[in-house]
Protein chains: 2
Amino acid sequence: MLERPSEAVLDAFAAIVGPAYALRETDTVAPYVTDPRGLFSGRTPLVLRPGSVEEVSRILRLATEMKIAVVPQGGNTGLVGGQHPDAGGTEIVLSLGRLDRIRELDLRSGVVVAEAGIILQRLRDIADAQDKLFPLSLGSQGSCQIGGNLSSNAGGTSVLAYGNARDLCLGLEVVLPTGEVFDDLRKLRKDNTGYDLKNLFIGAEGTLGVITAAVLKLFPKPRGRETIWLGVASPGDALALFEIASATAAGALTGFELMQECVVDFVIKHMHGHRPPLASAAPWHILVEISSGRSADDARGLAEEIVAAGFERGLILDGTIAESLAQTAEFWRMRESMTEAQRPEGASIKHDISVPVADIPRFIEEAARAVASVCPDARVVCFGHMGDGNLHYNATQPAGAFDASFLDLYPVMNKAVHDVVRSLSGSISAEHGIGRMKRQELLETAPPVAINLMRRLKDAVDPAGIMNPGKVV
Amino acid sequence: MLERPSEAVLDAFAAIVGPAYALRETDTVAPYVTDPRGLFSGRTPLVLRPGSVEEVSRILRLATEMKIAVVPQGGNTGLVGGQHPDAGGTEIVLSLGRLDRIRELDLRSGVVVAEAGIILQRLRDIADAQDKLFPLSLGSQGSCQIGGNLSSNAGGTSVLAYGNARDLCLGLEVVLPTGEVFDDLRKLRKDNTGYDLKNLFIGAEGTLGVITAAVLKLFPKPRGRETIWLGVASPGDALALFEIASATAAGALTGFELMQECVVDFVIKHMHGHRPPLASAAPWHILVEISSGRSADDARGLAEEIVAAGFERGLILDGTIAESLAQTAEFWRMRESMTEAQRPEGASIKHDISVPVADIPRFIEEAARAVASVCPDARVVCFGHMGDGNLHYNATQPAGAFDASFLDLYPVMNKAVHDVVRSLSGSISAEHGIGRMKRQELLETAPPVAINLMRRLKDAVDPAGIMNPGKVV
């Protein structure tokens, strides 16, 4: 059993980082115990902001010794409550933001060695300044940190061509619950020397140890980039277009996002300064990104070929290729503001699901029936990374009828939508993780063999159970 | 402690698969207890050839109950003794070859669900017949099995563009040591629901459970393919050419192999029907493969651009682009026969190393000194997947002086070469795994934190220690 830390123990933790980096006052602690959507909050007696791996190591060693729970936190942008202490007020928060050095930039090997606290946008900028691309890209990139991205195996809008955070990482440095440092910061493309420890820590949401640094892959910066906005009649037509785009552009197809018309309308209605991207209405919208490693002309040629083939096959109602960098940026800003744009429409019950790509149309059809069965007037708000089989599928409360009790439907709505996901052998958390939010559902619905395996691994790596308790398993 | 199986226990195992598939005679068992290079051999009282997952499950359940060691085996092509019983004659061999069904071919989702015993070449042919590519490609593809490929995280010649076996797998079915079936045969590109169990079993060399089936990715078949053979003066020039080829072809660069001149000479001298690919001599040879998803013309254009840029920069001594499918096949046959071609030259002490790609020239320079320090007249025989930073680096006994005692130098030669690898933060097993061959060295030289973690995971998943004992950790 874990312990409630005494004042003396809190002082011992604080002494490791020094008084300036040990936060104990309610107001200084506040930003670390609430989440961006306001769904979760917790209490903590202490937020520690270590400035070195050595300090992280000493903190975890003491925590294991004293049986104190530790909750690692990056940029605090997670959406499933994985980065917060519980309400008991006994769990210590370990904020990694001060570990923000670039340890090495090795352009010939195409890697950067980055500490956990580096903000994703900064890493992208550093790569960009060297004419390289670090492809991980998501809405919160201005504040999320690379350690959190790895701990949650972040997805985002560039997974189609470059993979998840997992796929961008060649090596890790992890502080284990005992305080031991597992140093595997290698730059190797191939290494078959024993079990794949790296991938065990990636996506473990801080329940097995604390990622303090990583070797990350850099890619050549595309020489040409085109963004296409299309209107289509149905998810089935969107799938047919995706198949055309994949076959035409292959690895140069770096984005394929599907958006229901209402989400586009919400952006125009509620967010400042956006205009409809298409002249005519369409039930479904698609944002396609082409990135050519060769030239701007090459990217343009591929984009035109895809659009021409789509029109010829009768799959496109309306479409436009962005005519300037400004318009490209505008298209992506619209896509990225969709989460925020639905907020004024009232409460939403959210899902972050994936199914095999070919099953996307079927999922959309069956999930709409599932939503209606729970609340006939609820509005479906659906958008996401169709190319990855991943949709953000939300049920928003009936139009005009603001009623906080809609959120009481959260469990039953989740179950209805997730039952469709499960019937298609899909995932109930494609990219956001399990955290606190989906833990109970995972425990109840995942195969017992899988849960049992995960628990055995957890016990093996963190026998005292101090790492981020109550999350994942 | 594990037990020596009694006759009654052997009978109980045999009854699970039926007498026709339980081999006990010395001559029928022989093919399962020796390896292709003749470096390892073992003894077993019983080879089981189950015909279903259910039978595998019953075998492992009984093995755990009776504390009998089980050694899983695929096509028996592994090079590190991972697939054999030890000399004690108490370990049972579990051969997966009869689990050879294609469970599903889902072209729209771009996946195939294949059982463990399917031979790699057959899987490649099945994909090819559907105008798809299953990219895993290695010398033994005519007899290795996909379960073994996954258990050893096989590499080969297409890793540069498509990744290792690990990267080609979306889901697994694994029978655990308890006999429980972990069914995670999902077709998802994104799934963040708990720990990454899949990657724990991939590359574990059968020490954690038995992979019985997998969901594997299929890719569009390239529409154009070009193969280039080049002669260069040095590994440094080869690296510069690799950078040009990467920048020019990006994802269309699907192969970049480096070969020392002597290995090319061995092929011409010892293998039937090969001719020198270049008119003039060159200390180092390179085989480049370009695969275009667009067209044959596109591939040709990229190949010509790379060759032109290489000549212009003075990096190429001589070069030729294959002029026919027959010549392309001939180039690859030469590359693939290199392991065999060095055999007539006498005994070789072998290494399967990786370093960061940019360190390849430095490795080659320093490793040559290391070899000379152990045996001044030993001949370095070096070839491999340069684009992955992976070389097969062998020390062959002095020319003309056939002397079996050369192999007595194995440990000291390994140490000398691997010390260079370690000084460059490389891997002593880039693609062949650890098995029995490199276990002692791994235990002695890997960071104790890593070994300790692996052992804890092993104990967590296989507490009775029945799975492939004495391998990996």
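**View 1. Strand 13 of chain A and the lining of the largest cavity.** In this predicted model, strand 13 of chain A (residues 253-260) gives the most to the lining of the largest cavity, contributing 4 residues. The lining is made up of A:T157, A:L160, A:T254, A:G255, A:F256, A:E257, A:H385, A:G387 and A:D388. Sorted by class, these lining residues comprise 2 nonpolar, 5 polar and 2 charged residues. The largest cavity holds about 30 Å³ of space, and a search of the whole structure finds 1 cavity of 30 Å³ or more.

**View 2. An open sheet of 5 strands in chain A.** The strands of this sheet in chain A follow the order 5-6-10-8-9, and their pairing is antiparallel. At the edges are strand 5 (102-106) and strand 9 (181-184) of chain A, each of which pairs on one side only. On average, neighbouring strands of this sheet are turned by 15° against each other, when direction is ignored. Helix 3 of chain A (residues 53-66) packs on the sheet, where it touches strand 5, strand 8 (169-175), strand 9 and strand 10 of chain A, and the direction of helix 3 makes about 50° with that of strand 8 of chain A.

**View 3. The pairing of strand 6 with strand 10 in chain A.** Strand 6 (residues 111-115) and strand 10 (residues 210-217) of chain A run antiparallel and are joined by 5 bridges. In one of the pairs that can be followed residue by residue, A:A114 has A:A214 of strand 10 of chain A as its bridge partner. In general, the strands of a sheet pair through backbone hydrogen bonds, either parallel or antiparallel.

**View 4. An open sheet of 4 strands in chain B.** Here the strand order in chain B is 1-2-4-3, and the pairing is mixed. Strand 1 (22-23) and strand 3 (70-73) of chain B stand at the edges with a single partner strand each, so one side of each is left without a neighbour in the sheet. Strand 3 of chain B runs parallel to strand 4 (residues 92-95) of chain B, and 4 bridges join the two; within this part of the sheet, B:Q73 stands opposite B:S95 in strand 4 of chain B. Helix 3 of chain B (residues 53-66) packs on the sheet and touches strand 2 (47-48), strand 3 and strand 4 of chain B, while the direction of helix 3 makes about 160° with that of strand 4 of chain B.

**View 5. Helix 16 of chain A against helix 16 of chain B.** The two helices, each covering residues 448-461 of its chain, pack at an angle of about 140°, and their axes lie 9 Å apart. Their crossing is right-handed. From chain A, the residues A:L453, A:R456, A:L457, A:A460 and A:V461 meet B:L453, B:R456, B:L457, B:A460 and B:V461 from chain B.

**View 6. A:R456 and its contacts in chain B.** A:R456 has its place in helix 16 of chain A. Leaving out residues up to four places away in sequence, A:R456 touches B:L176, B:E180, B:A460, B:V461 and B:P463. A:F402, by contrast, is 54 residues from A:R456 in sequence, and the two lie 45 Å apart in space from C-alpha to C-alpha.

Conventions:
Residues are numbered from 1 along each chain as its sequence is written. Chains are lettered from A and ligands numbered from 1 in the order in which they are written. This is a predicted model: local features need pLDDT of at least 70, side-chain atom pairs count only at pLDDT 80 or more; totals for chains, interfaces and linings use all residues. Side-chain values use heavy atoms; hydrogens and water are left out. Axes are lines fitted to C-alpha atoms, for helices over the stretch in contact, and angles run from 0 to 180 degrees between N-to-C directions. A crossing is left-handed if the near helix is turned anticlockwise from the far one by less than a right angle, and right-handed if clockwise. Contact means heavy atoms within 4.5 Å. Two strands pair if DSSP finds at least two bridges between them. On a 1 Å grid over the protein atoms alone, a cavity is a set of points where a 1.4 Å probe fits but cannot get out, and a pocket is an open set with protein on both sides within 12 Å along at least five of seven lines; lining residues have an atom within 4 Å of a point. Grid points are joined across faces, edges and corners, and a volume is the space filled by probe spheres set on the points. Ala, Val, Leu, Ile, Met, Phe, Trp, Tyr, Cys and Pro count as nonpolar, Asp, Glu, Lys and Arg as charged, and the others, Gly among them, as polar.
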